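The points are grouped by topic.

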Amino acid sequence: MSSAPARRPITDELRQSVIEDLPEVTWITNADLRAKVVEAWAYALAESSFSRITDLPPEGNPGTFLVQRGTQADHLRGVTRIATSIADEFLSAYPEADIDRDVVVAGGLVHDVGKPYEFDPVRRAKWTADPSRAGLPALRHPVYGIHVGMSVGLPEEVTHIVLSHSFEGDFLTRSLEGIIVHRADSLWWAVAGSAGLLDPRSNSILDSRKIAPRALKNNLPKGSVHTRLPEVGKKAILD
Ligand SMILES: [Fe+2]
């Protein structure tokens, strides 16, 4: 009945690949939260066919929003940087504002932690073959992300962001940090679409959102967008 990838062990090598692919995790000052963000991604990858975060395609939803280059790590890092910039702007202009910067960074990094499940080619082949059996998908990534977050003990302030970053959150009252990550995520996709960075297959959805993609000014460069964390320093983050 079930057609799912076999669960792999969560190794230190897997954890280190997460730190390498998401170096902004070092911005989290609380050591326990930092470790749980790494653990959440390692846990999600271990339940999927993907070896590491940079193996995930740069898609918003399978087959819809697709960036023309880079990987899912570039999206996660971009959203985290935008969300943190929003928090820092308010914290500097209005120091009386009670924004938890660690929760913003953690929420930005794990908001799509359910994607290794929803994007998994083995699971998608099963769901697509007969959506009447388990649905298509069986669970969207914000919902599966809750399973991941609660399994590794992420605080509910962060698991709330995982669930509410997308339209699932429209049924809830979003937290302050949840509003920041939700807006940073949708802004990232809107800007990517308007700047012409998405695959033309996304054009009909852009059109429905009244976003017109502008032509790129240069030929498409090759490769990833952000650089990985150098070898030095990775171990220290895990300790
Ligand atoms: Fe996202």
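pLDDT is the predictor's confidence in each residue, on a scale from 0 to 100. The model is predicted, and the chain has a mean pLDDT of 92, with 91% of its residues at 70 or more. The main subject below is helix α4, residues 101-110, which is largely enclosed by the rest of the structure because 8 of its 10 residues are buried.

**Confidence**

- Residues 229-239 have pLDDT under 50 throughout.
- For residues 229-239 the model has 14 contacts beyond four places in sequence.

**Burial of α4**

- The buried residues of α4 are Val103, Val104, Val105, Ala106, Gly107, Gly108, Leu109 and Val110.
- Among the elements that cover these buried residues are α2 (31-46), α3, α8 (141-152), α9 (156-164) and α10 (176-194).

**Packing of α3 with α4**

- Two packed helices are described by the angle between their axes and the distance between the axes.
- For α3 (residues 72-93) and α4, the angle is about 160 degrees and the axes are 8 Å apart.
- This angle makes α3 roughly antiparallel to α4, since angles over 145 degrees count as roughly antiparallel.
- The crossing of α3 past α4 is right-handed.
- On the α3 side the contact involves Leu76, Val79, Thr80, Ala83, Thr84, Ala87 and Leu91.
- On the α4 side the contact with α3 involves Arg101, Val104, Val105, Gly108 and Leu109.
- By class, the residues of the contact of α3 with α4 are 8 nonpolar, 3 polar and 1 charged.

**Packing of α2 with α4**

- The axes of α2 and α4 are 10 Å apart, and the helices pack at an angle of about 10 degrees.
- α2 and α4 are therefore roughly parallel to each other, as angles under 35 degrees count as roughly parallel.
- Leu33, Val37, Ala40 and Trp41 of α2 meet Asp102, Ala106, Leu109 and Val110 of α4.
- The contact of α2 with α4 has 7 nonpolar residues, no polar ones and 1 charged.

**Packing of α9 with α4**

- The axes of α4 and α9 cross at roughly 40 degrees and come within 9 Å.
- That angle makes α4 oblique to α9.
- α4 and α9 have a right-handed crossing.
- From α4, Val103, Ala106, Gly107 and Val110 take part in the contact with α9.
- From α9, the contact is made by Glu157, Val158, Ile161 and Val162.
- The residues of the contact of α4 with α9 divide into 6 nonpolar, 1 polar and 1 charged.

- Ala106, Leu109 and Val110 are buried.

**Backbone geometry**

- Most residues other than glycine have a negative phi, and most peptide bonds are trans.
- The peptide bond between Leu136 and Pro137 is cis, with omega about -10 degrees.
- Pro137 lies in the loop between α7 (131-134) and α8.
- Lys210 is not a glycine, yet its phi is positive, at about 60 degrees.
- Lys210 sits in the loop between α11 (203-208) and α12 (234-238).
- Lys210 counts as exposed because it has 6 C-beta neighbours inside 10 Å, and a residue is exposed at 12 or fewer.

Notes:
Residues numbered from 1 in each chain as written. Predicted model: local features only at pLDDT ≥ 70, side-chain atom pairs only at ≥ 80, totals over all residues. Axes fitted to C-alpha atoms, helices over the stretch in contact; angles between N-to-C directions. Helix = DSSP H or I, 4+ residues; strand = E, 2+ residues; numbered from the N terminus. Parallel < 35°, antiparallel > 145°, perpendicular 65-115°, else oblique. Left-handed = near helix turned anticlockwise from the far one by under 90°. Contact = placed C-beta atoms within 7 Å. Nonpolar A, V, L, I, M, F, W, Y, C, P; charged D, E, K, R; others polar. Buried ≥ 20, exposed ≤ 12 C-beta atoms within 10 Å, placed from the backbone.
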